[in-house]
Amino acid sequence: MKGIKDKVAIIGMGCTKFGENWDMSFDDLIIDAVYEAYEDAGIGPDDIDAVWMGSYWSNLPAPSQPLATTLKLDYKPVTRLENMCATASDALRNAVYGVASGACDIALAVGGEKLKDSGYSGLPTDDLAMGLVSTAPNTFRSRNFTAPSHFAMMATRYFERYGLSPEEGREMLAKIMVKNHRNGMLSPKAHFRMPISVELVLKAPMIAWPLGLFDCCGVSDGAAAAIVVRADMAKSFRPDPVRIKACQIAVGPSEGYLNPNHDWTMVKETWVAGQKAYEEAGIKDPRAEISMAEVHDCFSITEGVIYEDLVFSPRGGMREDIEAGTFELGGELPVNMDGGLKCFGHPIGATGLRMTYELYKQLQEKAGDRQVKNPEIGLSHNLGGTPGGCTISVNIIGH
Amino acid sequence: MTAIEKPVPVVNPWAKPFWDAANREKLVFQHCNACSKNIFYPRIACPDCFSDDLEWIEASGKGRVYTYTVVESNAPSAFVDDMPYVVAIVKLAEGIQLLSNIVGCDPHSVVCEMPVEVVFERLNNEFTLPKFRPI
Ligand SMILES: [Zn+2]
């Protein structure tokens, strides 16, 4: 049967504190995350058969060799990869595929990013991004477009489509970020551990209408790692391994800004990756069967649209579910228990594995004050790029 | 500190008629003679039927704002002095869509479905950019 369900298990994970880690280099971050994973799994570098490492902006160009040297993975197969903000999720997918194929028994997936040395907040400018992805259509994709404005255009259209006034729409979105900060306050490794209120979100400086400062995640330094093995070997390492149920990625055709059929109230790549992951994992009713999710809340509207694209909420239904507290820590389907990108932080190439780290700890009942009751299945959703041209990863893990 | 210059379009050979027309303050797009589709952005062949029997026709320049944002914060770049400015998806009457700016109005007066028309802004000696203003 097609797919990797239950063929591979996670036996160890690590994650650094996310934040402005001025006293740590990219190498330091990677080492901390990987050695926490070794300790958790009870193995060492000699046991690793193959490695997939992700980073997006850091150390460009960053070939595999310096990274392999950093971790003393001498003469091992080490591959560096990137898939924009979904880089770490794709590192995990590659490591899982390596084990599922039978090519190796024990694989390491790592993601890391060092962003806070750039001299300013936010990501490198559009000019640099365009240089990296220079293709003909980009000239027609507008050069004075910022990352937040790509996502803001989903919010304005969403409000229009569902008849929300700007005030109603902004308040609805603010509640998502208030939830994520409330959760992240309980995460010792989170970057922005402060409570925020709806009032604070609404009064914050505008970044790209209708998104203000607290509708936007920041960027951080950090790294995360996972060790995966053949599922039949997993219990020889630990009594509570976590199984991989699905790893899917959908990469869009990147012409949403120019295709008149593109709908700005959804992200089609999320819908496709979600449907394929549900099929691979054998999930028929996502809202009922998924215990919890870590999703890509780079902006408040992004998380809202994800609820609908992953069929947690019906189309146009995010407001009702936000008001009902469906996605709160104690709600029907908790989302971003560790604070998400907004509160935990967003080191681009590490984020996907940070999401898996939280699901893994939750499934092992080790999430402390954030513990979800009896979780069975956890989903991570990681978005690379922007609406209209993105890479979406949906990974599902569970018992 | 020297001023950062605004980036200029990268002109592929097959897109040159678009930029040449813009310099004459005309908005043009491609039309596929094989399947009758209107096409934007400029292509070598029709993305629907792959025919290369394409011709350039002039747009009415009239459309509506499908969605938009007002950019009020930006990383160091040539666009900081322009803030706040409106980035919008404009759907033209001919069924094609452009990403452009809405100018000539209070940025916060822009709304979805607002009718707009093309207006041309000279960028430098070489390039003129089509933008839109409320009708
Ligand atoms: Zn055609």
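**Helix α1 of chain A**

I started with α1(A), residues 26–41, in this predicted model. I counted 16 residues in the helix. From its first C-alpha to its last I got 23 Å, close to the 22 Å expected at 1.5 Å a residue.

Next I checked burial along α1(A). I found Phe26(A), Leu29(A), Ile30(A), Ile31(A), Asp32(A), Ala33(A), Val34(A), Ala37(A), Asp40(A) and Ala41(A) buried. What covers them? I noted β1 (8–15), α2 (64–70), β4 (106–113) and β7 (222–230) of chain A among the covering elements.

I then looked just past the end of α1(A). Gly42(A) has a positive phi there, about 75°.

**α6 against α10 in chain A**

I turned to α6(A), residues 166–184, and α10(A), residues 300–309. Their axes come within 9 Å and cross at roughly 95°. That makes the two helices roughly perpendicular.

Which residues meet? From α6(A) I listed Leu173(A), Ala174(A), Ile176(A) and Met177(A). Facing them in α10(A) are Ser300(A), Ile301(A), Glu303(A) and Gly304(A). I sorted this contact by class: five nonpolar, two polar and one charged.

**Chain B overall**

I moved to chain B. It has one helix and eight strands. I boxed the C-alpha atoms along the principal axes and got roughly 50 × 35 × 25 Å.

I also looked at burial here. Of the 135 residues in chain B, 33% are buried. For contacts with a separation of 6 or more, I found that 49% join residues 24 or more positions apart.

**The β7–β8 hairpin of chain B**

I followed β7(B), residues 115–122, into β8(B), residues 128–134. The two strands pair in the antiparallel sense over seven bridges. They form a hairpin, with five residues between the strands.

**Where chain B touches chain A**

Last, I looked at the contact between the chains. It takes 30 residues from chain B and 30 residues from chain A. On the chain B side, β4 (62–71), β5 (85–92) and β6 (97–102) each supply at least two residues. Which element gives the most? I found β4(B), with six residues. By class, I noted 18 nonpolar, nine polar and three charged residues on the chain B side.

Methods: Residues are numbered from 1 along each chain as its sequence is written. Chains are lettered from A and ligands numbered from 1 in the order in which they are written. This is a predicted model: local features need pLDDT of at least 70, side-chain atom pairs count only at pLDDT 80 or more; totals for chains, interfaces and linings use all residues. Two residues are in contact if their C-beta atoms, placed from the backbone, lie within 7 Å. Helices (H or I, at least four residues) and strands (E, at least two) are DSSP runs, numbered from the N terminus. Ala, Val, Leu, Ile, Met, Phe, Trp, Tyr, Cys and Pro count as nonpolar, Asp, Glu, Lys and Arg as charged, and the others, Gly among them, as polar. The expected span of a helix is 1.5 Å times one less than its number of residues. A residue is buried if 20 or more other C-beta atoms lie within 10 Å of its own, exposed if 12 or fewer, and partly exposed in between; C-beta atoms are placed from the backbone. Axes are lines fitted to C-alpha atoms, for helices over the stretch in contact, and angles run from 0 to 180 degrees between N-to-C directions. Angles under 35 degrees count as roughly parallel, over 145 as roughly antiparallel, 65 to 115 as roughly perpendicular and the rest as oblique. Two strands pair if DSSP finds at least two bridges between them.
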